[in-house]
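Keep the picture in view as you read.

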Amino acid sequence: MIGRSAAERNLRLLAIATGFGTIIFTLLALPAIIDQAPYVQQFVYAPLTVLFCTLPVLLAPLGRWARVRTIRAVARVHTVVAGLFLVLWAVAIVAVPLTGDRGPWLLDVFASAAATAVIAWPPTVVWAYVVLSAVGGGVLRYLTEGNGNALLAVQDGVSSGAFCLFIAGLLMVTLRAGREQDAALEVALADARSAAEVESRARQRARFGSFVHDDVITSLLAAARATSSSPAIRGSAQRALTRLDTFVAVGPADGRLSSDAFEVELRSAASEIVDGVRFSGSLAAFGGVIPSPAAVAITGALGEAIRNSLRHAGQNVARVVHVTATEHAIVIEASDDGRGFDPSRIAPERLGIRTSILGRMAAVTGGSALVTSAPGGGTRVTLSWSAV
């Protein structure tokens, strides 16, 4: 889903896989679960069996829509239940050996607890949990075996522990890969933001310079060259020309834009990518100045929104950029009436929306972005920034 990190996506996939894996393990162990029930006191065996087998199954639906902390909470409860089951089974034994001289079925499916431990806890806790569980499994095997065969108990404990360690290690590598992907993406974003800011500043100077020369300097030149005007008027106009030329050459010293200057930026960003973009609204109500990082992020995100529309919206599409402002906030909406799309089906590796729009705006203090679309219903990108 758009906006989820790679680490979160991997965690959710592990939760779903753990849920379905537990269903398979439980079905395979069902005959042993039924056969071994008479060998343990039922007030221990029945409720802990139900909790052990059902809690991980809940992770399958939770992994799809629940909050991460809810997923982790369920996984933590399961790890506690699994450890408690090992201990209480040993305490509540009523007969030995088990049917067919088999070991407790719990040892055969304890890998599900190893999986929930990976979801629930940091790696150091997971390793300690798996090792202690292997020791507890060996002790339980010894107690239920009945003839004091310590070697068999050690073998079963080591076998169960090794399988759990393998599962835990594999899942932890998966989660770490997601975290490393997020870290690499953050570095790439930082580099892209830095490059985009440099490029945007250059474009800002060019755009504002063109605006000033086209709309202001021509008039001042006429005043400066007018033979009928007084020397004072000509001198004032010449000084204004000099000051404006200096501004165009170096840009605002504090790196901030007024609402009027920023509106010019937005109009340029909207029109330089494709012709025919209709621009409406005004930023006149905004009472402050826009810092350079915010201006760069907004114009960059707006440009990416229009480029996405150009690439994906289809032919004969109407595109509109509407700006509104309050005294302390600015909102820019870029919309089209094209073919639209389902945001939930965007592949994780497609970074145009996630990185260049959502990520760019989220990286700026006071900034946010929202992308709404539906197949056949067009697309709307809303960029918001608040100075408060």
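How much space lies in the second largest cavity? The answer is about 30 Å³. Before going further, please note that this is a predicted model, in which local features need pLDDT of at least 70 and side-chain atom pairs count only at pLDDT 80 or more, while totals for chains, interfaces and linings use all residues. Residues are numbered from 1 along each chain as its sequence is written, and side-chain values use heavy atoms, with hydrogens and water left out.

Rolling a probe the size of a water molecule over the atoms shows where empty space is left. Here a cavity is a set of points, on a 1 Å grid over the protein atoms alone, where a 1.4 Å probe fits but cannot get out, and its lining residues have an atom within 4 Å of a point. Grid points are joined across faces, edges and corners, and the volume is the space filled by probe spheres set on the points. The count comes to two cavities of 30 Å³ or more.

Let's stay with the second largest cavity. Its lining is made of Thr22, Phe25, Thr26, Phe52, Cys53, Trp105, Val109 and Ser112. (Helices are DSSP runs of H or I with at least four residues, strands are runs of E with at least two, and both are numbered from the N terminus.) Five lining residues are nonpolar, three are polar and none is charged. In this sorting, Ala, Val, Leu, Ile, Met, Phe, Trp, Tyr, Cys and Pro count as nonpolar, Asp, Glu, Lys and Arg as charged, and the others, Gly among them, as polar.

The largest cavity has a volume of about 40 Å³. Among the residues that line it are Leu86, Phe110, Ser133, Gly161 and Cys164. Helix H6 (123-145) and helix H7 (150-225) are the elements that give two or more residues to this lining, with H6 giving the most, four residues. The lining holds six nonpolar residues, four polar ones and no charged ones.

Finally, look at the charges. Side chains of opposite charge can pair when their charged atoms come close. A salt bridge is a side-chain nitrogen of Lys or Arg within 4 Å of a carboxyl oxygen of Asp or Glu, and the whole structure has seven. Glu304, Arg307 and Arg311 are linked in a network of them. Between Glu304 and Arg307 the closest N and O atoms are 3.5 Å apart; these two residues are separated by about one helical turn because they are three residues apart in helix H10 (residues 292-312). Glu304 also meets Arg311, at 3.2 Å from N to O. Glu304 is buried at 9% relative accessibility, whereas Arg307 is partly exposed at 32%.

Another salt bridge joins Arg380 and Glu333, 3.0 Å from N to O. This pair links distant parts of the chain, strand S7 (residues 379-386) and strand S5 (residues 329-336), the two residues being 47 apart.

Key. 1 Å grid on protein atoms, 1.4 Å probe; cavity = no way out; pocket = protein on both sides within 12 Å on 5 of 7 lines; lining within 4 Å. Buried < 20%, exposed > 50% of the residue type's maximum accessible area, 1.4 Å probe, protein only.
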